[in-house]
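I opened the model to look up side-chain pairings and packing. My notes follow in the order I took them.

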Amino acid sequence: SFFRKYLAFFPGSLDPRMSFLRGMVLILLLLLSATVTTAKNPCCAIVYMVHPTELDNLIESLNRMFTYYNRHYLYPTILFYDIKLLGQVASLKTRLNSTLKPEWFRCLQWIQLSWTPPNDVKREDLAENIRHWFPDYTLMIQFWFSDILHLNATRKFNYYMRLDTDSMLHSDFPADPFRVMMRKRYAYGYYTVYTDEAFVTIGLIDFVESFINDFKGRTKAALNKLELPPPENRKTFQPPMMY
């Protein structure tokens, strides 16, 4: 499109006196074109964590995600999987290759994780409220809470959208959330808020308070309008949970 603008600006002009100006206009249009391209293609990705028992749901979720959203943008779609899934990856790729359109399938990136709990952590030593979830669920929470931010595969992205294998889209997105967030300089997006149970968030409020105090002035983290309950009320406090 910038060449059309360029030729329209100087239609058929061969005057040597115009050479310099023509060159400057061409360079300017090239720079503007590069800027527009960057703005139209934000560096973002869609991420899933694949569980061996959720493969049918994953295929359905991916189909819906591309049909109602990512077919317009073809953002990279990263599938994180544990070594437990290694023996099923080849057959899963075959199924997806036969289900998704070729341009959709090419968006998929496969990244193997190696989840191992710390050697000094034993199930019997854990608090009763989290013992049932150890190690798989607790390792998954740790991954989304912290580990994903430090992987080479994701650090290059401005934003990522997390979808679960049972996340199902049912209609077209009215706008690209990545572009909206970049334009408005948002840091985090969610579509609903629940409250979590107090018994599975023991120590969470203490951690949040310590984090903000320890990194005050070195992080943009803030409570906004959320008030932390006093220590005597924290055992029964149900913190907000954003999805």
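I started with arginine 234, which is buried at a relative accessible area of 13% (buried is under 20%, exposed over 50%, partly exposed in between, with a 1.4 Å probe and protein chains only). This is a predicted model, in which local features need pLDDT of at least 70 and side-chain atom pairs count only at pLDDT 80 or more, while totals for chains, interfaces and linings use all residues. Residues are numbered from 1 along each chain as its sequence is written, and side-chain values use heavy atoms, with hydrogens and water left out.

**Salt bridges**

I looked up the partner of arginine 234 and found a salt bridge to aspartate 206, with the closest N and O atoms 2.5 Å apart (a salt bridge is a side-chain nitrogen of Lys or Arg within 4 Å of a carboxyl oxygen of Asp or Glu). Arginine 234 sits in the loop between helix 10 (204-214) and strand 6 (240-242), and aspartate 206 in helix 10, so the pair ties together parts 28 residues apart in sequence. I took helices (H or I, at least four residues) and strands (E, at least two) as DSSP runs, numbered from the N terminus. Aspartate 206 is partly exposed at 41% relative accessibility. Salt bridges with shared partners join Asp206, Glu209 and Arg234 into one network.

I noted seven salt bridges in the structure. One of them pairs arginine 64 with glutamate 60, the closest N and O atoms being 2.7 Å apart. Both lie in helix 3, four residues apart, about one turn of the helix.

**Aromatic pairs**

I found 13 aromatic pairs (ring centres of Phe, Tyr and Trp, the last by its six-membered ring, lie within 6.5 Å; planes under 30 degrees apart are stacked, over 60 edge-to-face, the rest tilted). The rings of phenylalanine 80 and phenylalanine 143 have centres 5.0 Å apart and planes at 70 degrees, so this pair is edge-to-face. Phenylalanine 80 is buried at 0% relative accessible area, and phenylalanine 143 is buried at 1%. I also saw ring pairs linking Tyr69, Tyr73, Tyr75, Phe173 and Phe178 into a cluster.

**Nonpolar cores**

Which residues have the most contacts inside the largest nonpolar core? I listed Ile46, Leu62, Leu79 and Leu96, in a core of 29 residues (a core is a set of buried Ala, Val, Leu, Ile, Met, Phe, Trp, Tyr and Cys residues joined through side-chain atoms within 4.5 Å). Helix 3 gives the most to this core, with seven residues. A second, separate core of twelve residues includes Val47, Ile111, Met140 and Ile148.
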